[in-house]
Each structure stands twice: as structure tokens, then as C-alpha cells.
Amino acid sequence: MKWIIFKPIAVILLLALVPNQKVFGQLDEIQTKVEALLKEMTLAEKVGQMNQYSGFWDATGPSPREGQAKDKYGHLKSGMVGSVLNVRGVENVRKMQELVVEESRLGIPLIFALDVIHGHKTLFPIPLGEAASWDLEAIEKSARIGAIEASAEGLNWTFAPMIDISRDARWGRVMEGAGEDTYLGTRIGLARIKGFQGDDLSLNNTIAATAKHFAGYGFAEAGREYNTVDIGTSTLYNVILPPFKAAVDANVKSVMNSFNVLNGVPATANKFLQRDILKGEWDFKGFVISDWGSGLEMIDHGFASDLEHVAEMAANAGSDMDMESYAFISHLQKNVEDGKVDIKVIDDAVARILRVKFELGLFEDPYRYCDAKREKDLLYHADHMEAALDMAKKSIVLLKNEGQVLPLNKAQKKIAVIGTLADDKNSPLGNWRLGSDDNTAISVMEGLKKYTDQITFAEGAELVVGHVDFVNEAKINTTDKSGFAEAVALAKESEVVLMVLGEHGFQSGEGRSRTNLDLPGVQQELLEAVYEVNKNIVLILMNGRPLTIPWADKHVPAILETWQLGTQSGNAIASVLFGDYNPSGKLPMTFPRSIGQVPIYYNTYSTGRPGPKDIVFWSHYSDEVNTPLYPFGYGLSYTKFEYSDLQINDSDPTKVEVSVVVKNTGDRAGEEVAQLYIQDKVGSVVRPVKELKGFDKFLLKAGESKTVKFTLTDNELGFYNNQGEFVVEPGDFNIMVGPNSMELMIKSWVKK
Ligand code: NOJ
């Protein structure tokens, strides 16, 4: 306890604690400590706690004010920094923590943050891929392992999970979320928070989570990154906010606001979101971190005149910590002195931040997360690799399997593997992997070689030219077809062709919006050229978002969606191809037929002219059907499942029981995700044609059946009206159960 000796505040605290404990009796211990510490702090020190800098490098965007960033070390020593992001590694973290704890007046420890999005060193599938598993236990475990590895590198706070719902595959960040559905997204968000935070935040292997981005970021107009968000109350209350409310109820420690303007007001200065809803109605006890420079961006939004104005508006609206805008650190003290920001606003923000630091155990031991042995032992641990493989297998979705092309026979001769992604050890790691090492994925080729020596490889089309980084990623789409001839020749003499096509790992993620969801570059042409000579194709897609692949759906007999599966990619894909794992994933996001259908999602309203009708005046396109190529919740298996006997038992109206019998009618064991949807047929605010309200994933042996049970309470049956009140209305409902959002058994039911 070296720090106690040289930190006078420790002594003051200890003294202060005794009477406080008696006076405040029931007030929790941490609150007492926070209040005592606040009393010791100068205004400048309080503002310092509300300031977050990026560490050694600017990892996720341009550093807004290079000049001031140079002063970082001076600021650390003088207690002008509450947290840093992008500093990792026990040695680095310890050094920086020492600067602050030993040299600043009060020695208040820093919190070290990083975007730990889908694993840290050992990489799991991108979050959208994990969501396709519908396996909450596996997803929680993935986050748990991310926390174990990140904390072993000295970190104690992640900017995850992203719980933005998005219906727009043009938006590159859909790769970081759980897809289009609020119910599924909420449950997955909760699993991730549990995985990161565990049951005891003070343990050295749990880290604080962040629910982000509050709010509406996934609804950027036209899917263009950072674009305006303008949405109605019904969508806000029923689609966007529920995952955040659930995260708050689950005690998430921080919430990140967002870059976007929501209905004319930037999220960072949005009192309605941050004060009225988050900290008011929901009684959020953690703190709000701004997004990177989102304060500063309010000047470009045309909402703040200068940085001083930014600081005033952001603080007053409930933003507690400023990431890389330099607004609080430069102007908040003056704002308070000028009477523009009440000291109570500052005290409240600082108390929230200190509380989390206490909960993390940082006051007890600021070096709690700096254990070099843990760092050495835990990164890339064999158990983590095994869990990553399990998660990767579960994330794969079988989209088509005509004529049972899959699984491949292990004795299969002459397999051609085509596509540069097949031989890539980097791209399958996906985007958002700040802690990881490049080229550490098992490639598809490596995975396949463990099963067979019958494979030959041709690149076909180059996907990436040059270096892919923050600035350079535009070079992804090459037009070079010089590799086609080799690929076609190889396909011609092979019995089966595995074509590994899709997006480069850096083609989705932040700043990677697209106006076209086709296979990038010349890959579609390559696919068609190969098809000319060999139709026995398995298309293995790697991508960070839904793609438009109507041609492939029509022509190619087998299609596997593999997203970007992380470290164990090739092993997972090979085990599915050869049938050692029977695919069980289901799409968490609708796959459109064409880009013009976007945004396309399953839980739409009916419109007044639903159709189809014989006349032209109904809600449709004249050049495309309304239905998607693959619906939400869709995914095949190597076996078959049959649904029967849908029953509703409402003898206890507070817990309506829905049951269905699912039978594995195929000849091998497989996992199925049974899905429950409801439709509230008449509402005081119109309700979607269907909404997911339950799911269950289970394994059935060949021939085995199971009665699957769901429970509907008012939580599932109600909705938010346009005043933001949760209402439950009696009346007619449709209750639907099935293997995906379009193949459903249906029964009417009346809620009394
Ligand atoms: C910007 C992103 O929007 C946010 O999600 C992330 O946590 C920060 N950069 C920090 O890296």
C-alpha cells in the first residue's frame, strides 16, 4: 500500500470515514468516500477528473487539438486527467498510473479505457457475427474473455457494447452491433455487459462496460457515417432506447453519447436524452463519456459557437467526461466562475466518475490491473482460443444448401479454393481490434489443410492493394482481372469449388459507409466466370454487414455466411464445411435483394395499403418485390426441424405460456433457434406486423423432439406511447412461432 504513505488524502479519507459512517448510516460506503474526497478537491482538480485524453497514439480519429495534446504529461502530473484511452500493456499503464498517483496532489488514479469490442488479443467474431449465434451464454463468455485479456494488459474500462439498433446495412458500424432488432439486441447487450463487468467490478479481471452510443447513431440518414438523425418518438422509445434502459437497469457503469444530432440537438448537449431520460427517469448512477471529440463537433453541427460554449452546453446537458475535445479542460472552470455552469453539475459529474473508480478498486490499489504475470499467462490462453473457436462456429449462418452440397465428404477429391480472402490471415480478424496482433487469424486455407490435402488455391481477384489503414482503406476495390484465367482453369478441373468472397475486414466499421452492397470490386464477375465452367460452388462469404447477392442466391448451390470470425476463422469454417459442426446461426439483420430496399427490416408497420393488390396503388416497388432475400432470423442446418402444435395457455394472465413442439426430422443432430413473435393487432399507436419477444436455442438429436416454452408478460406485450409511457393494451394479438421471421405458425389470442 505504498500510495497511502505518500498520499495525504488517504489519511484525510480514513479520518473522514469514521464520523461519516455514523452520520450517514445507511448511505453506502463508497458514497461516503466519494463525498469526502470531493470536499478535498479544487475546482481545477474536479474538472481534471472530467477530462479524458487519448494516450500514445490517436487510434480512432484525428486528434482535434494537437497543440494541447503535447501537454498531456504535464496534465497528468497536475491531476488534470481523469482517464486515458488507448494506453495498454502492464508496463505502460503502470508508468502512467504512477505519474498520476505519485505526483499529482491528490493521487486520484486514472481509469484506463480501450475499445475492447470482440475480444482483445484472442479475437472473437465481429459483434454482428456473434449476434448470429443467438447464443447468449457464448456471447457472455466472449465478453468475459475480452475482459480477462484486456484487464491482464492493465485496462479497466471498455467502450463496449455498442447497443445501437440499425436497419441500414450501408452504415459500416452495423458490424459492431447486434443487428436490427431491439429485443435480440437488448438481450445480447446485457450478456456482453455481464461478461465484461461480472458480478464484482473490483476483481482484477472484470472491467467497466459502456453502453453506446446514446442515442440514435444507428439511424444516420442514408447510412452515411456521422450523418443527421431525425426520427419520431415511436422509433426512439420503442426501438432505440430500450437496450439502453436495460443496460442501465443492469448497472452498466458508463454510457457514451454519440456524434449525431438527434432531432436537431447534438447528443452531447442533449438534455432531454442525458438529463431527463438517462439520469432522470432511469436514475442512471454511472457516468456519461462523450464520444471522441463529439463536443468539439458541435461547432461544426452549428450548435455551439466555440469551445467555451461547447463545455457549457455539454456539462449542463449531462455529459460527465470529455473524450478528446479539450473543451472541459480548457473552459469548464471559467464556465463555473462565470456562473454558466453550476458547481453542483460539476460535483455530480465528478462524484459519478469517482464512484466507478472506487468500484473498480482503484483507490484500494491503483495497480490492481498491473500484474505482469497475468499479462504473460493469460493473453492468447488456450482456453480463450477454444472459446473463440466455439463462438466462431456458432456464428456461421448457412444461407443455402441445394442438393446437400454441404457438408463436404472428408474423402472429397479435387477441391479448388478461390478468392484472396481464403489465404488471408488478417482480414478475417475484422475491424475494431485495437489490442490485437495483425495476421493472427487461422486462414481458410490453413483450416482446410487440417482436413484434406486435396486443395488447390487461386487468388482470382485481388481484394486489397497496398496497406489498409485509417487513411488508406479506399484502395480495396481493384479492377484487375488478371487472376481470372488461373482461377477458372483450376475450377474447371476440380470437383467442387470453394469461393471465399466478400468484404475486406476494414471495409466495414466506423467511417466505412457504402452506397452499394454488392460483392466489392470484380468478385461478382469472378464468381460468374467460375460458374461458367463449374457450377458446383460453395460460396463462403466474409463480410461485416448484409450484402446484396441475388445472383448468387439464384445460381450458386451452397452459401455460407461467415462474417469475420476472428482468430479461429479458418478452423471454424473448415469444421462447418466438413460437417464436424452443424451450422446453427440465424441472421440478426435482414439481407436485402437490392440496395434500393434499404432500410429493410422485419418489424415494419403494415402501411394503409399493404397488398399485394391487382392495381398499382399499394405500397410496393415497380421493379422489385418487398420481401428480403434472406429474412431476419433465417438460417439453415444440415438437418431439418419441423414445428407443430402451437399452444397458448393464459390461465395466469400475468404469465401467458406459449409452447410449440420442434422435431429434428433429419438424420443428424443439430441446434435450432425457435423464435416467438407477437403482433398487437390494434394499438393506440400502430404496432409492427411482428416483433420478436422470445427465443430459445437448443440441440436435438436426429429424430428427437422437444416442447419449447416461452412466457409472455406485460413487459413483452406492452409498448411505449408517444409520451414515452409504457402501456399495455388489451385486445387482439397474433402469437407466432417458427424458425425465422417469415416462416411462422400463427394463433390468435385475446389479451383481456
Ligand atoms: C469513436 C467511436 O465512435 C467510439 O465508439 C469509440 O469508443 C471511440 N471512438 C474511442 O475509440
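Guide: The loop between H24 and S17 contains Pro612. The model is a predicted one. The peptide bond from Gly611 to Pro612 is cis, and its omega is near 0°. Phe617 also belongs to the loop between helix H24 (569–577) and strand S17 (641–649). With a relative accessible area of 56%, Phe617 is exposed, because the cut-off for that class is over 50%.

Another cis peptide bond joins Leu406 and Pro407, with omega about -5°. Pro407 is located in the loop between strand S11 (397–401) and strand S12 (415–418).

Backbone angles in two other loops can be listed with these. Asn439, in the loop between S12 and helix H20 (444–449), is a residue other than glycine with a positive phi, near 55°. Its relative accessibility is 46%, so Asn439 counts as partly exposed. Ala222 is not a glycine either, yet has a positive phi of about 60°. The loop that holds Ala222 runs between strand S5 (210–214) and helix H11 (233–240).

Next, the ligand. How many residues surround the ligand? There are 14, and the closest are Asp115, Arg173, Lys212, His213 and Asp291. By class, this shell consists of seven nonpolar, two polar and five charged residues. In the side chain of Asp115, an N or O atom is 2.5 Å from an oxygen atom of the ligand. For the side chain of Asp291 the corresponding distance to a ligand oxygen is 2.5 Å, and for that of His213 it is 2.6 Å. On its own the ligand has 300 Å² of accessible area, and the protein covers 100% of it.

That leaves the charged pairs. Side chains of opposite charge can pair when their charged atoms come close. The structure holds 38 salt bridges. One of them is between Arg355 and Asp28, with the closest N and O atoms 3.0 Å apart. Arg355 is in helix H17 (residues 343–359), while Asp28 is in the loop between helix H2 (8–24) and helix H3 (29–40); the pair links distant parts of the chain, 327 residues apart. Arg355 is buried at a relative accessible area of 14%, whereas Asp28, at 37%, counts as partly exposed.

Lys46 and Asp347 form another salt bridge, in which the closest N and O atoms are 2.8 Å apart. Because Lys46 lies in helix H4 (residues 43–49) and Asp347 in helix H17, this pair ties together parts that are 301 residues apart in sequence. Lys46 is buried, with a relative accessible area of 9%, and Asp347 counts as partly exposed at 24%.

A salt bridge also joins the side chains of Asp135 and Lys394, at 3.3 Å from N to O. Asp135 is in the loop between helix H8 (127–131) and helix H9 (136–152) and Lys394 is in helix H19 (residues 382–395), so this pair ties together parts 259 residues apart in sequence. Both Asp135 and Lys394 are buried.

Definitions and conventions
Residues are numbered from 1 along each chain as its sequence is written. This is a predicted model: local features need pLDDT of at least 70, side-chain atom pairs count only at pLDDT 80 or more; totals for chains, interfaces and linings use all residues. Side-chain values use heavy atoms; hydrogens and water are left out. Helices (H or I, at least four residues) and strands (E, at least two) are DSSP runs, numbered from the N terminus. Buried means under 20% relative accessible area, exposed over 50%, partly exposed in between (1.4 Å probe, protein chains only). A residue is near a molecule or strand if one of its heavy atoms lies within 4 Å of it. A polar contact is a pair of N or O atoms within 3.5 Å; within protein, one must be able to donate a hydrogen and the other to accept it, and residues adjacent in sequence count only if both atoms are side-chain atoms. Accessible areas come from the Shrake-Rupley method with a 1.4 Å probe; for residues, only the protein chains shown count as cover. Ala, Val, Leu, Ile, Met, Phe, Trp, Tyr, Cys and Pro count as nonpolar, Asp, Glu, Lys and Arg as charged, and the others, Gly among them, as polar. A salt bridge is a side-chain nitrogen of Lys or Arg within 4 Å of a carboxyl oxygen of Asp or Glu.
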